[in-house]
Amino acid sequence: MGRFVQVIEVVTSDVENLKVLQEEWEQADNGRSGVESVRISRDRDYTGPGGDRYLIAVVFPSYEVAARNNDRPETQEFALLASQLSHSVSFMNLDEVHTW
């Protein structure tokens, strides 16, 4: 089975505080979550309300590891604080099927 990727779509005008939240979560996590990598990317083509659209791609070795991470208090707090900085937040849960 391939990796699992959770993509969090955030529309915000406050990306600096979003990055600070992610860095604070990473420090509090101290490697316990199983996260392999995190990438925050800005959608160049977004023209909707609420600021810019960012996609946060969080890569895990498996769905099971991601599910355990989602239950952690640090992750729940990050989700709450990120939603307060955002015009909108949505999630996509993806099974990796191919890499190159």
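1. A word on residue classes before we start: Ala, Val, Leu, Ile, Met, Phe, Trp, Tyr, Cys and Pro count as nonpolar, Asp, Glu, Lys and Arg as charged, and the others, Gly among them, as polar. Please keep in mind that this is a predicted model, in which local features need pLDDT of at least 70 and side-chain atom pairs count only at pLDDT 80 or more, while totals for chains, interfaces and linings use all residues. Residues are numbered from 1 along each chain as its sequence is written, and side-chain values use heavy atoms, with hydrogens and water left out.

2. Now to the sheet. Four strands make up an open, antiparallel sheet in the order 2-3-1-4 (strands are DSSP runs of E, at least two residues, and helices are runs of H or I, at least four, both numbered from the N terminus; two strands pair if DSSP finds at least two bridges between them). Strand 2 (37-42) and strand 4 (88-95) each have a single partner strand, so one side of each lacks a neighbour in the sheet. On average, neighbouring strands are turned by 15° against each other, direction ignored.

3. Here are the pairings in turn. Strand 1 (residues 4-12) pairs with strand 4 over eight bridges, and Val5 has Leu94 of strand 4 as its bridge partner. Nine bridges join strand 1 to strand 3, where Val7 stands opposite Ala57. Strand 2 and strand 3 share six bridges, with Ser37 partnered by Val59.

4. The helix pair is worth a look too. The axes of helix 1 and helix 3 come within 10 Å and cross at roughly 175° (axes are lines fitted to C-alpha atoms, for helices over the stretch in contact, with angles from 0 to 180 degrees between N-to-C directions). Helix 1 is therefore roughly antiparallel to helix 3, a label for angles over 145 degrees. Leu18, Leu21, Gln22, Trp25 and Ala28 of helix 1 meet Glu74, Thr75, Phe78, Leu81 and Ala82 of helix 3, contact being heavy atoms within 4.5 Å. By class, this contact has seven nonpolar, two polar and one charged residues.

5. Finally, the largest pocket holds about 310 Å³ of space. Its lining has 20 residues, with Gln6, Ile8, Thr75, Phe78 and Phe91 nearest the centre. Helix 3 (73-84) is one of the elements that give two or more residues to this lining, and its six residues are the largest share. By class, the lining divides into 13 nonpolar, seven polar and no charged residues. For reference, a pocket is an open set of points on a 1 Å grid over the protein atoms alone, where a 1.4 Å probe fits, with protein on both sides within 12 Å along at least five of seven lines; lining residues have an atom within 4 Å of a point.

Definitions and conventions: Points joined across faces, edges and corners; volume = space filled by probe spheres on them. Parallel < 35°, antiparallel > 145°, perpendicular 65-115°, else oblique.
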